[in-house]
Amino acid sequence: MLHRALYKGVPSSAASLRKHPYLTHYLQLIRDAPLTINYNFDDSLERLLDHRFPSAENDNTRVYETIWEPSTQFRRARGVIYHPNGFLPHSLVEGFSDHIVFSEGDFADQLIDSMAGHYATLVSHLTRYTCLVIGLSLSDATLKHLLRQNTHLNPGHIHYHVRHREDDDAASLEQDKQEALANFDLHGVVTLHLSSSGICSLGRLLNCTDEDFVEALDDCGLRKRRVYYVSGAVGCGKSTVVQKLRSLTTLTEWTEEMPRDMQKEPTVLSTKDRDNVDLWVSKQFRRKNFRIRFAKDYVILCDRTPLDPLAFVERRRRPARASKHLEAIRPNNDGEAIEAGQVILLTASAEELMARAKERLRGHTLNYLTRQQETFRELFRGRGVVEISTSSRSVSEVLRQVSRFIHCSDYEEFDVEGALRGLGKGLTVKAKDRIGGRTR
């Protein structure tokens, strides 16, 4: 009965399905993705893939694999289409599932099964990959439960949800914004409100080459890259934040193993040893700058900024250290400039800094940590700086706030090289008003 109702009036030819307003623009993405989760019963995706990528072009084998049992081992490394609610193909000889999740009781049982670990495949996929939820709302109880579970298991991992709307009515923009913020906080998804034409454009962008994408950005006058620098005093939580935001391209604090002299107190080092440590640190930031500039991805999170080493230098030595630091990062003035970026300055009370980093900060006092944190605030004044407190907050709470700022707030760059040059001349950036913790 379900099969007859599902395919009533539907032509058997897959060519007729190509009239769908946007689905054809996602076929190549479905073919190349490791897993596509399809909550529908029908085989429209499968028939469209057969029509778009005939088996003769792929050694007489289909470019996809259809499964409906969560415990099934996949034969293919990509192009797997999983129907968690069951599968009823147009031609039943293709094979169909024994059970269909259709009634209200079935959906309730499915939610219970998901809590018991029956849908571990979906949980694993949501925690490993960045997913695009398209063609369905967030009203499905099981889907909401799985997304919410992902926010607990991996709070820094963000997915994307396309919310269809009939047109681009400007009157609904504020409502859309509020819905997007609620979805982000509750389900960990960035919500895109798009019409059918907008969804088509998104599909074309996801399938275009890197060169075409950069050209499209240039046509629209948009930035090619967004760089987020995470900074703060030792123990503020920046390395933990960068480590756990794995859905973005991240650069750790150091690209190589630290020299032994860096683990010693600066006061016990000779002038030569201290200069060698400073040079090693500067070259680390030079290497990180090249990795940022030539990274393939366009949203990059970097642990520490090139200004950070100056926070650990006495004020009287700061101009000389800044000049040598800049010279090491840019030995050739005609070479690559230091990448500007949005600075996320993490702060905490001195007591919490001591508690978090007591092993690394042995011998330092609360007054020292307080001064060091104020030095960071002094270094990062002006546009392109946001301050986020980590005091009395769990790692999950901090990750959600940092992720929300990256994905849901405006991007404004801090001129890292300009600030470094000013410090080399003994200058400081004029302070701006701070409202709500954010520098304006």
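Predicted model: local features only at pLDDT ≥ 70, side-chain atom pairs only at ≥ 80, totals over all residues.
Student: What volume does the largest cavity have?
Tutor: On a 1 Å grid over the protein atoms alone, a cavity is a set of points where a 1.4 Å probe fits but cannot get out. Grid points are joined across faces, edges and corners, and the volume is the space filled by probe spheres set on the points. The structure holds one cavity of 30 Å³ or more. The volume of the largest cavity is about 30 Å³.

Student: How many residues of the lining are nonpolar?
Tutor: Ala, Val, Leu, Ile, Met, Phe, Trp, Tyr, Cys and Pro count as nonpolar, Asp, Glu, Lys and Arg as charged, and the others, Gly among them, as polar. On that basis the lining of the largest cavity has one charged residue, one polar residue, and a nonpolar group of six.

Student: Where's the nonpolar patch on the surface, and what's its accessible area?
Tutor: Patches are made of residues with over 30% relative accessible area and no salt bridge, with nonpolar side chains (Val, Leu, Ile, Met, Phe, Trp, Tyr) joined within 5 Å. Areas come from the Shrake-Rupley method with a 1.4 Å probe, and for residues only the protein chains shown count as cover. Leu206, found in helix H8 (residues 196-207), has 41% relative accessibility. Leu206 forms the patch with Leu29 and Leu132, and together they have an accessible area of about 210 Å².

Student: How many salt bridges does the count come to?
Tutor: A salt bridge is a side-chain nitrogen of Lys or Arg within 4 Å of a carboxyl oxygen of Asp or Glu. One of them pairs Arg163 with Glu179 at 3.0 Å, N to O. That pair links strand S5 (residues 159-164) to helix H7 (residues 173-187), its two residues being 16 apart. By this rule the count of salt bridges is 26.

Student: Are Arg304 and Glu253 buried or exposed?
Tutor: They form a salt bridge, with the closest N and O atoms 3.0 Å apart. Arg304 is in the loop between strand S9 (299-303) and helix H12 (318-329), and Glu253 is in the loop between strand S8 (249-251) and H11, so the pair ties together parts 51 residues apart in sequence. Buried means under 20% relative accessible area, exposed over 50%, and partly exposed in between (1.4 Å probe, protein chains only). Arg304 is at 4% relative accessibility, and both residues are buried.

Student: What phi does Arg304 have?
Tutor: Arg304 lies in the loop between S9 and H12. Its phi is a positive value in a residue other than glycine, near 80°.

Student: Is Arg383 buried or exposed?
Tutor: The side chain of Arg383 meets that of Glu412 in a salt bridge (2.9 Å, N to O). Glu412 is partly exposed, with a relative accessible area of 22%. Arg383 has a relative accessible area of 56%, so it is exposed.

Student: And what phi does Ser392 have?
Tutor: Ser392 is found in the loop between S11 and H15, and is exposed at a relative accessible area of 68%. Ser392 is a residue other than glycine with a positive phi, near 55°.

Student: What separates the C-alpha atoms of Gly237 and Leu353?
Tutor: Gly237 sits in the loop between strand S7 (226-231) and helix H10 (238-244), and counts as partly exposed at 25% relative accessibility. Gly237 and Leu353 are 116 residues apart along the chain, and their C-alpha atoms are separated by 8.9 Å.

Conventions:
Residues numbered from 1 in each chain as written. Heavy atoms only, no water. 1 Å grid on protein atoms, 1.4 Å probe; cavity = no way out; pocket = protein on both sides within 12 Å on 5 of 7 lines; lining within 4 Å. Patch = residues over 30% accessible without salt bridge, like charges linked within 9 Å, V, L, I, M, F, W, Y side chains within 5 Å. Helix = DSSP H or I, 4+ residues; strand = E, 2+ residues; numbered from the N terminus.
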